[in-house]
Amino acid sequence: MVESQNIEWKEAWRDEYLKWICGFANAQGGKIYIGINDSGKVIGIKNGKKLLEEIPNKIQTNLGFLANVNLLSENDLEYIEIVVRFRFGLKRMLCILAMNAYDLIMKNKELLLDRNPDKSPVRFIFSHSALREGWDNPNVFQICTLKQSSSEVRKRQEVGRGLRLCVNQDGERMDANVLGKDVHNVNVLTVIASESYDSFAKGLQSEIAESITDRPRAVTAELFMDKVVTDSDGGELIIDRDMAYAIQYDLIVNQYIDKKGNLTDKYYEDKKNGSIRVAEEAADFTADVIKIIDSVYDSRVILPENARSSNVELTVEEEKLAKPEFQALWAKINAKSVYVVDFDTEELVQKAIAALDSKLRVSKIYFKVETGVMERILLRKQKVPCHLCRCV
């Protein structure tokens with residue numbers, strides 16, 4: 001076997017070799033051998049069975065077609081053979097598009113953040129399986145779960161991808177130092193989830209609540225006592241007992257807390273509108289007083305927003321549907337699509353054989369044979385010699 005235009009030798013597998021596979025598929029086909037050095041000598045691979053499972057999945061996920069992947073051996077050294085057949089028509093075009101997207105996402109990620117349409121026309125990325133493939137992208141704002149899953153670990157990994165502070169086109173992290181109060185308005189993750197996420201969300205909230213159990217749970221006068229607050233001019237003040245009780249009393253009067261010291265919906269509403277009122281004695285220190293109040297644990301704060309509560313009901317305007325402009329557009333986009341699945345019988349057979357060879361485990365059957373010899377039969381009345389003391 002000689003390395004040529006259609007045969008490549010590689011010592012170990014790298015994901016960048018997907019580009020070679022795509023190139024073979026777009027040309028005359030070819031073969032890639034993993035575990036062979038540049039001299040054509042088999043040096044072997046350590047994780048042959050694992051690669052036999054991973055490589056076909058990566059080819060199908062990133063390129064959209066199947067390749068024949070075989071695990072071979074020579075002198076007790078395992079190596080991988082990847083057989084790529086020429087792909088024509090739509091499959092070839094999809095392969096090219098897939099590799100362009102792969103290069104953009106995995107190698108030229110900085111272009112995704114560039115706002116210049118001449119450099120990067122991409123505005124939205126719809127990615128399948130990226131959450132589990134290890135693609136590190138901080139700008140994840142929507143996650144749509146299409147597959148029902150009961151795995152808590154999987155849900156944590158998926159949601160965790162979107163719980164990162166985003167970055168701007170310069171790679172600068174959009175945190176509170178940059179955005180200030182708008183940090184929570186910009187860094188919003190929307191999960192379009194199934195019912196299975198309901199129990200997951202409640203469990204996550206319970207864990208968060210347990211992690212902050214040491215925080216105060218009610219707004220009392222003691223919460224403000226001896227706290228240092230600062231006004232807009234930088235002047236500092238230590239809240240004494242009288243001011244602390246005045247602040248608490250005013251919160252009750254303004255219906256910001258109930259008799260038990262729990263924060264009310266009116267407090268959150270006025271805070272959102274920027275119209276919080278505090279005691280006259282502490283009016284110059286309103287911002288710091290609000291920070292002290294917000295240090296109180298409230299389970300409602302960590303509740304995720306229910307996007308369904310803000311659903312908008314759509315209505316159809318028949319006169320606009322009848323406009324020539326819409327009719328012209330509809331004539332271009334209303335064509336139905338046909339989905340065709342093409343199976344290569346020989347390829348399917350070879351992959352089935354390879355899967356059986358690598359995964360089928362048949363336990364060995366052992367037969368135990370025992371023999372015995374009966375030399376004589378003693379009558380019931382005969383005495384049998386004792387082998388221990390030689391007595392009868």
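Q: Which residues form one aromatic cluster?
A: In this predicted model, the cluster is formed by Tyr256, Tyr267 and Tyr268. Residues are numbered from 1 along each chain as its sequence is written. Local features need pLDDT of at least 70, side-chain atom pairs count only at pLDDT 80 or more, and totals for chains, interfaces and linings use all residues, while side-chain values use heavy atoms, with hydrogens and water left out.

Q: Why is the aromatic pair of tyrosine 256 and tyrosine 267 called edge-to-face?
A: Rings of Phe, Tyr and Trp (its six-membered ring) pair if their centres lie within 6.5 Å, and planes under 30 degrees apart count as stacked, over 60 as edge-to-face and the rest as tilted. The centres of tyrosine 256 and tyrosine 267 are 5.9 Å apart, with 75 degrees between the planes, so by this rule the pair is edge-to-face.

Q: What makes the pair of tyrosine 267 and tyrosine 268 edge-to-face?
A: Here the ring centres lie 5.4 Å apart and the planes stand at 75 degrees, so this pair is edge-to-face.

Q: Why is valine 316 called exposed?
A: Valine 316 is called exposed because its relative accessible area is 59%, and the cut-off for that word is over 50%.

Q: What makes the phi of asparagine 75 worth a remark?
A: Most residues other than glycine have a negative phi. Asparagine 75, although not a glycine, has a positive phi of about 55 degrees. This asparagine 75 is also exposed, because its relative accessible area is 69%.

Q: What is the phi of glutamine 255, and is this residue buried or exposed?
A: Glutamine 255, a residue other than glycine, has a positive phi near 60 degrees, and with a relative accessible area of 52% glutamine 255 is exposed.

Q: Which residues does leucine 251 touch?
A: Contact means heavy atoms within 4.5 Å, and leucine 251 touches Val219, Phe224, Tyr256, Ile257 and Ile293, when residues up to four places away in sequence are not counted.

Terms used:
Buried < 20%, exposed > 50% of the residue type's maximum accessible area, 1.4 Å probe, protein only.
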